[in-house]
Amino acid sequence: MTTVDLHTLTGAYALHALSDEEREAFERHAADCAACAQEAAELSATAARLGLAVHEAPRPALKVEVMNRIGSVRQEAPRTDPATRTPRSGARTRRLSRWALAACLAAAAGLGGTAVWQHDRAQDAQEQARRAEQRTDELASVLAAPDARSRTAKLADGAIGTVVVSESRDEAVFIASGMQRPPGGKVYQLWFDDRGTMRSAGLMDPGRTTEAVLMDGPVDGATGMGVTVEPAGGSAEPTSDPVAVVEFPA
Amino acid sequence: MKEAVDIGRNPSAEPDLQDLMGSVARGDQQAFASLYDAVSGPVLGIVRRVLRDQAQSEEVAQEVLVEVWRTAARYRSDRGTVINWVLTLAHQRAVDRVRSVEASTAREHRAALLERTPEYDEVIEQVEARLEREQVRRCMRTLTELQRQSVTLAYYRGLTYREVAELLALPLGTVKTRLRDGLIRLRDCLGVTA
């Protein structure tokens, strides 16, 4: 796609009417094109006005549900500017910013404007990838722990579940194979069994039927684990009978 | 003709929202409750418009509102208003949901797309009938028919511009341009600045 093509995508971008690939191409372009970024920001603000025009009062219970949920959701830290996060040497920082400023001016020449990105999806995606990588590393180190013990159980509908526990790491991994997709709007939620009390250990990816998941939180003496079907987003405690229960290996 | 219409939003509302947002970012649940009261109506409104299904819309609206809580510290007032930030997120999440559902049923997708063709008039009707914001309705009328159809299908129905092109049997380039021209005209008419 040529630069001119990319520039005319500002409208489609603001309306979220691009495919992932096109959106990424546009964002890469806009990072160096202040005029495009400015136009995209203005058109996004315009699109939000279209949203403001369609108001629908939610039922009061929704507020109760949301307020309940935020009680257990950790807030993210503000995003700090990478250039200022680790100020190694003043000279280096100054040189970088002067270079960046020059690039900005070159891109904005004759048009003006500032790059404004409220939802920096590229950065979010990187962050997500980094977290996923970290989890994979952690998962691998549980499986490879010298004291890793496993137990496999047949689950409903011919699916197989294996749980691997490492006492030294105090962590557990659940590996499911051939599970049925959860019904629409539902997810599989994992639980530690603290001698009859269920403690949430995170959610499985609803899009996958075969998956290895590092269970959230320490094993902390749990005697086993269970899987239930819960509404998207998960529940504070199980709201349905377990589809799988596996005792931890002794 | 460009006609700048006064923005109907209470001018004092936004500074309040920004204050609230600051408190929310510091973990103030009471402030979040007030923010919820201010934004939940438009959030559900836009999600519902895109998804249609009541249960799914409530679910996505809830996810959006929790995400607002979770990422409140990422909001930057120098990059736009609070309501703009929240509604952009709400629309994005609604569209994400549409696309993830449709990706899993790619084959039925085209058929479904064509099946729902006649609805755009109805969407415009609904939007116009329920508009609390007279000026959005007025500004929508300043668009050409093609601009209005394209913007409505993309925004209120969550279609990609390729789908809009397919639906209206227009070349891709034409739709791209219509979306941009249409929004620019709306921007000028509404007097939006970013």
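Two residues are in contact if their C-beta atoms, placed from the backbone, lie within 7 Å. By that criterion, 65 residues of chain B are in contact with 50 residues of chain A. This is a predicted model.

**Interface, chain B side**
- Seven helices of chain B each supply at least two residues of the side that touches chain A: α2 (29-51), α3 (54-70), α4 (82-104), α6 (119-130), α8 (145-157), α9 (161-168) and α10 (172-190).
- The most comes from α2(B), with 12 residues.
- By residue type, the side of chain B that touches chain A divides into 34 nonpolar, 17 polar and 14 charged residues.

**Chain A overall**
- Chain A has 8 helices and 8 strands.
- Of the 250 residues in chain A, 27% are buried.
- Among contacts in chain A with a separation of 6 or more, 58% join residues 24 or more positions apart.

**Strand pairing in chain A**
- Strand β4 (residues 186-194) and strand β7 (residues 224-231) of chain A pair in the antiparallel sense, over 8 bridges.
- Lys186(A) stands opposite Pro231(A) in β7(A).
- β7(A) also pairs with strand β8 (residues 244-247) of chain A, in the antiparallel sense and over 4 bridges.
- Val245(A) in β8(A) is the bridge partner of Gly226(A).

**Val187(A)**
- Val187(A) lies in strand β4 of chain A.
- Val187(A) has 18 other C-beta atoms within 10 Å. A buried residue needs 20 or more and an exposed one has 12 or fewer, so Val187(A) is partly exposed.
- Val187(A) and Val229(A) are 42 residues apart in sequence, yet 5.6 Å apart in space, C-alpha to C-alpha.
- Leaving aside neighbours within four places in sequence, Val187(A) is in contact with Pro182(A), Leu203(A), Met204(A), Pro206(A), Glu230(A), Ala232(A) and Gly234(A).

**Helix α10 of chain B**
- The 19 residues of α10(B) should span 27 Å at 1.5 Å a residue. The end C-alpha atoms of α10(B) are 27 Å apart, which agrees.
- The buried residues of α10(B) include Val175(B), Leu179(B), Leu183(B), Leu186(B) and Leu190(B). Charged residues are also among them, including Lys176(B), Arg178(B) and Arg180(B).
- In chain A, the buried residues of α10(B) pack against α2 (10-14) and α4 (34-52). In chain B, they pack against α7 (134-140), α8 and α9.

Methods:
Residues are numbered from 1 along each chain as its sequence is written. Chains are lettered from A and ligands numbered from 1 in the order in which they are written. This is a predicted model: local features need pLDDT of at least 70, side-chain atom pairs count only at pLDDT 80 or more; totals for chains, interfaces and linings use all residues. Two strands pair if DSSP finds at least two bridges between them. The expected span of a helix is 1.5 Å times one less than its number of residues.
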